[in-house]
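Biologist: I would like to learn how to read the charged pairs and the strand pairing in a model such as this one. Could you take me through them step by step?

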Amino acid sequence: MNHAFKKEERGTTLDSPTTNDHRPQTVSTMRIAYLDCFSGISGDMFLGALVDAGVSPKLLKDAMAALDIGARLEISRVTRCGIAGTKVDVYAQGEKDLPREVFPEQHSHAHDHTHAHSHEHSDEPQRADAPAPHSHGHEHGRHLSEIRQIISRASIGEAAKATAIRIFEALGATEAEIHNTSVEKVHFHEVGAVDAMVDIVCAAVGSEALAISEWVCSPLNVGSGTVKCAHGTLPVPAPATLTLLKGAPVYSSGPAVELVTPTGAAIVKVLTTRFGSFPAMKIEKAAYGAGTRDFHDHPNVLRLTIGEADDTHVSRETITVLEANLDDLSPQVLAYASEKLLAEGALDVFSIPVQMKKGRPGSLLTVLCKIDDADRLTKLIFTETTTLGVRRREEQRQTLARRWETVKTSWGDVRIKIASMNGSISNYAPEYEDCRALAEANHVPLKTVIEAAMRQYKNC
């Protein structure tokens, strides 16, 4: 289906404030954002880059205040190895969080307090730019269910809520895997501290305000050496960071410190759609978010470049196709295996009915994935299904340029995924998870929310 009229992106112009109801201003171009992580990425560096790119500080402060967790933001201009950027600091209960090497006794107290409250907690280390664990009442941490409640109660857009919750769920799933426990039993200590909650929620609100069509990320410089955490000294990258960056291109360069934090890795995992070199774009703005440290020969900044995307071409890539014939597997187990494959990074999973030997009905399971994920997902197919063999081949895939646009329904915001070719819209559809969340929260049929979102988009 094609639009016969020109669509306009909802977004914030780089030099204009955002309205009080958090609905962005209108711009006329489709924009792409490139995260250049040559010095890694952390939550506060990402916020600094957003503000430097034009996101209203008031918008972030209002989002933080909506959490009602006793925090405030301090935003300043700094230089890092000669490059000017924006620094965002979080104050909790009147105290500014500082790196471990500045106040080591503060961290020691927090670690003792943390161990006294739980045996299932985060191994997340203190990052180079990181807030220290709090010593004023939050050391016991929060469970994911409590964090969901805090975010859900906040007066921010539904799409931003959904993004923030997905980031925390990514962190929770990682910690659960590392500690061999369930997501709901994980205590978010350093990750779930006040400063990290502010980082994640403000990241969700600020990224939505920029109205970016697609987030692309460079290979990530993870740093090197070791870092101290509640469980002792761990190698860089920390276990949580390493797990979150599965499938992402990484390298180590520069000073022997931690450069990518779990919070930064989770933001990248949820927001970005692909990794690669600088994408084709007409550059509109280059912004810099500064970290706490100022290295002598290494600019400790995250660079965010925003521009008009070149969507006149169809992108091509090589992917792996995995297939397995199944004739003795319960449909419930097949559905579970498909969901797990998608959760573990498959690009697409589907099954079709087939006729097996001796006339037996069966299913053909097909998984599309990145080449680097093929071995891991093959192992998962063997683990979760009854197949004795998995076929593998590489194929070329062509994909249309895609972007997101947000529409406002009676129940909340819904993102619309829009595909285009040669500058013309070729297809669009509401984001299922957004519609589902609104349907459940407001006790209305899912199809009603989907129809309303489609109607709003058509009438824009």
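Modeller: Let us begin with exposure: a residue is called buried under 20% relative accessible area, exposed over 50% and partly exposed in between, with a 1.4 Å probe and protein chains only. This is a predicted model, in which local features need pLDDT of at least 70 and side-chain atom pairs count only at pLDDT 80 or more, while totals for chains, interfaces and linings use all residues. Residues are numbered from 1 along each chain as its sequence is written, and side-chain values use heavy atoms, with hydrogens and water left out.

Biologist: How many salt bridges does the rule give?

Modeller: Side chains of opposite charge can pair when their charged atoms come close. The rule asks for a side-chain nitrogen of Lys or Arg within 4 Å of a carboxyl oxygen of Asp or Glu, and by it the count comes to 22 salt bridges. One of them joins Arg 77 and Asp 52, with N to O at 2.4 Å. This pair links distant parts of the chain, 25 residues apart, since Arg 77 belongs to strand S2 (residues 71-80) and Asp 52 to helix H1 (residues 43-52); helices (H or I, at least four residues) and strands (E, at least two) are DSSP runs numbered from the N terminus.

Biologist: Is Asp 52 buried or exposed?

Modeller: Asp 52 is buried, at a relative accessible area of 14%, whereas Arg 77 is exposed, at 54%.

Biologist: Which residue forms a salt bridge with Glu 177?

Modeller: The partner of Glu 177 is Lys 246, and their closest N and O atoms are 3.0 Å apart. Because Glu 177 lies in helix H5 (residues 158-179) and Lys 246 in the loop between helix H7 (239-244) and strand S9 (250-251), the pair ties together parts that are 69 residues apart in sequence. Glu 177 counts as partly exposed at 45% relative accessibility, and Lys 246 counts as partly exposed at 38%.

Biologist: Which residues are linked in a network of salt bridges?

Modeller: Such a network links Glu 323, Arg 391, Arg 393 and Glu 395.

Biologist: And how should I read the pairing of strand S7?

Modeller: Two strands pair if DSSP finds at least two bridges between them. Here 4 bridges join S7 to strand S8 (residues 232-235), and the two run antiparallel, with Cys 229 standing opposite Gly 232 in S8. Strand S7 (residues 226-229) has Val 227 and Cys 229 on its covered face, and Thr 226 and Lys 228 on its uncovered one.
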